Amino acid sequence: MGAGAATAGRRPTAVLVAVHPEDGDGSGPGSETSLAELTRLADTDGLTVAEAVVQNRTRPDPATYVGSGKVDELAAVAERAHADVVIADGELSPGQVRNLEERTGVRVVDRTALILDIFAEHARTSEGRVQVELAQIAYQLPRLRGDGRALSRVGGGRMAGGAGMGVRGPGEMKLETQRRRLRQRATRLRGNVRELARRRERNRGRRARNQVPSVAVTGYTNAGKSALLNRLTGADAEVQDVLFATLDPTVRRISTGDLTYTVTDTVGFVRHLPHQLVDAFRSTLEEVSGSDLVLHVVDAAAPDALEQITTVHGVLHEIGAGDVPELLVLNKIDVAPAGWVDALCRACPEAVPVSALTGEGVERLRAELAARLGRR
Ligand SMILES: Nc1nc2c(ncn2[C@@H]2O[C@H](COP(=O)(O)OP(=O)(O)OP(=O)(O)O)[C@@H](O)[C@H]2O)c(=O)[nH]1
Ligand SMILES: [Mg+2]
């Protein structure tokens, strides 16, 4: 069972732990930006963050992730906060998790597990569920402990469906049996994903033959991709103030004048998107690399908007979509400080400022889209 089980009735409490590197671009693990994001991720997963323990030196103890003094501090903070779980701002080795748990007496998870948990919670379609479960298995296989604990949910929401994971009691299944079952399940799931990918491929081929240009909406999670898709097409994609609300691509058709094109909403990106997820979601992400134009939605109200743009470009390259022409959209200008929007426009002169909420700038965006697609 997840951390929430012991504390029915209130939201489980989390304490964050991180090593802040002395160098880097200021947005790496342990930085203020990264911790703020981890807090939002925890919140999305149903956890309330009480405190963060950050180590500022760069010489942590590899056995316990942070140095020994910090572990004592973490244990004290966790006790004071009545923490149900400790979340590390990075990916931990199985040994680090075990040692930290022993010394703090609290369940320990890392950022990757947290993101996987959110994906599991948000997957709606069978395709989304299959891909998430595959990513979960890739994460769990090297971390099995024989007591089934690595298979349970992190946060306060409902338990992840998956392969009925997390329901087995301690020691019910031998480690080797668990491993074999998971590997077999992964093989079956990969077969499903391949079949779904082929279906997607066929649909894309049909659209290409019909000469219908395609636009893929991408961007950092919570940038307003689904809201903008709804504004552009009158669709009803799910819009929520949580991270990773959308996991399944929604394809919609737009007709303006004699031009018809499709717009696809897709999964949001985040700094250090777990590689297990990138691998598992490859078929979903291929919608992006196969499109004629990437509509890159930026949350212009985010103080780290420029870093988010860099992150998204990194993921686009990773999935083979680096060469697809891009149209940058600065969204949420209704709430972004005017000076900051101006600065972003100077940094990205081709970008179109809009508000999916009020509709401001959306006509200009439509015209720009038509011009770009007509010019192909
Ligand atoms: N003020 C304001 N809020 C917006 C705007 N566009 C979207 N939002 C809000 O931003 C939040 C995220 O919007 P979504 O459309 O779900 O964002 P997304 O990029 O699809 O997010 P994921 O699917 O989770 O990656 C929601 O609370 C929206 O209401 C905008 O132009 N202005
Ligand atoms: Mg969305």
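The model is predicted: local features need pLDDT of at least 70, side-chain atom pairs count only at pLDDT 80 or more, and totals for chains, interfaces and linings use all residues. Residues are numbered from 1 along each chain as its sequence is written, while chains are lettered from A and ligands numbered from 1 in the order in which they are written. Helices (H or I, at least four residues) and strands (E, at least two) are DSSP runs, numbered from the N terminus.

**Helix packing**

- Two packed helices are described by the angle between their axes and the distance between the axes.
- Helix α4 (residues 111–122) packs on helix α5 (residues 126–140) at about 155 degrees, with the axes 9 Å apart. Axes are lines fitted to C-alpha atoms, for helices over the stretch in contact, and angles run from 0 to 180 degrees between N-to-C directions.
- The α4 and α5 crossing is left-handed; that is, the near helix is turned anticlockwise from the far one by less than a right angle, with clockwise being right-handed.
- From α4, Thr112, Ala113, Leu116, Phe119 and Ala120 meet Val132, Ala135, Gln136 and Tyr139 of α5. Contact here requires C-beta atoms, placed from the backbone, within 7 Å.
- This α4 with α5 contact has seven nonpolar residues, two polar and no charged. Ala, Val, Leu, Ile, Met, Phe, Trp, Tyr, Cys and Pro count as nonpolar, Asp, Glu, Lys and Arg as charged, and the others, Gly among them, as polar.
- α5 also crosses helix α6 (residues 175–209) at roughly 145 degrees, and their axes come within 9 Å.
- Contact residues include Leu134 and Ile137 of α5, and Leu189 and Val193 of α6.
- The contact of α5 with α6 divides into eight nonpolar, three polar and four charged residues.

**Annotated site**

- An unreviewed UniProt entry annotates Ser226 and Thr246 as "binding site". Such positions follow the numbering used here, feature names are shortened, and annotations may be inferred rather than shown by experiment.
- The two residues span 21 residues of sequence but cluster in space, with a largest C-alpha distance of 7.6 Å.
- Serine 226 is in helix α7 (residues 225–233). Serine 226 is buried because it has 24 C-beta neighbours inside 10 Å. The cut-offs are 20 or more other C-beta atoms within 10 Å for buried, 12 or fewer for exposed, and partly exposed in between, with C-beta atoms placed from the backbone.
- Beyond four places in sequence, serine 226 contacts Ala237, Glu238, Val239, Ala245, Thr246 and Asp265.
- Threonine 246 sits in the loop between α7 and β6 (250–256). Its 22 C-beta neighbours inside 10 Å make threonine 246 buried.

- Cover for the buried residues includes β5 (214–219), β6, β7 (259–265), β8 (293–299), β9 (326–331) and α12 (362–374).
- Glycine 234 follows α7 and has a positive phi, near 70 degrees.

- Histidine 82 is not a glycine, yet its phi is positive at about 50 degrees. Histidine 82 lies in the loop between α2 (68–80) and β3 (85–88).
- Asparagine 222, also not a glycine, has a positive phi of about 75 degrees. Asparagine 222 is placed in the loop between β5 and α7.
- Histidine 82 is partly exposed, with 13 C-beta neighbours inside 10 Å, whereas asparagine 222 is buried, with 22 other C-beta atoms within 10 Å.

Note on methods: Contact = placed C-beta atoms within 7 Å.
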